[in-house]
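Here is a short report for a first look. Keep the sequence and the model side by side as you read.

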Amino acid sequence: QVQLVESGGGTVQVGGSLRLSCTASGRSFSRYTMGWFRQAPGKSREFVAGISRDGMNIYYIGSTLGRFTISRQNARKKVSLQMDNLKSEDTARYYCAGFEGYCSSDGCYDRRLYDHWGQGTQVTISS
């Protein structure tokens, strides 16, 4: 079992940057595939980025590709999301999530794969 705590949210202007961090407690973080999701008011929670256990396979949705970068440091039990060139539509609450295992052949996009979730951190992009 791991517990996840996010940090790094805040308010920035369009075009700005933020770096979100997620720190895990508990054992065996390196056995967990990790991901970031977001949920805007009135919308369903959507996949943003995912990273395999060893960090070698990375997944993004189209709207974040080229702007967001996910990374992990297993020794520090940490996964990060660097967000650049932020847009107003990136405004949402961002959640760190993980599951013990590997992505399916279709990738890591399905939120049903993830059974450990943080409380989320708010990201607001102002124009």
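## A serine in a strand

Which residues does Ser 21 touch, not counting residues up to four places away in sequence? They are Val 5, Glu 6, Ser 7, Trp 36, Lys 78, Val 79 and Ser 80. Contact here means heavy atoms within 4.5 Å.

Ser 21 lies in strand S3. Strands are DSSP runs (E, at least two residues), numbered from the N terminus. Ser 21 has 12% relative accessibility, so it counts as buried. Buried means under 20% relative accessible area, exposed over 50%, and partly exposed in between, with a 1.4 Å probe and protein chains only.

## How the model is read

This is a predicted model: local features need pLDDT of at least 70, side-chain atom pairs count only at pLDDT 80 or more, and totals for chains, interfaces and linings use all residues. Residues are numbered from 1 along each chain as its sequence is written, and side-chain values use heavy atoms, with hydrogens and water left out.

## The sheet

Four strands form an open sheet, in the order S1-S3-S8-S7, with antiparallel pairing. Strands S1 (2-7) and S7 (68-73) stand at the edges, each with a single partner strand, so one side of each has no neighbour in the sheet.

Strand S3 (residues 18-26) pairs with strand S8 (residues 78-83) over six bridges. Two strands pair if DSSP finds at least two bridges between them. Leu 18 has Met 83 as its bridge partner in S8.

## An isoleucine in S6

Ile 58 lies in strand S6 (residues 58-60). Ile 58 is partly exposed, at 37% relative accessible area. Beyond its neighbours within four places in sequence, Ile 58 is in contact with Gly 50, Ile 51 and Ile 70.
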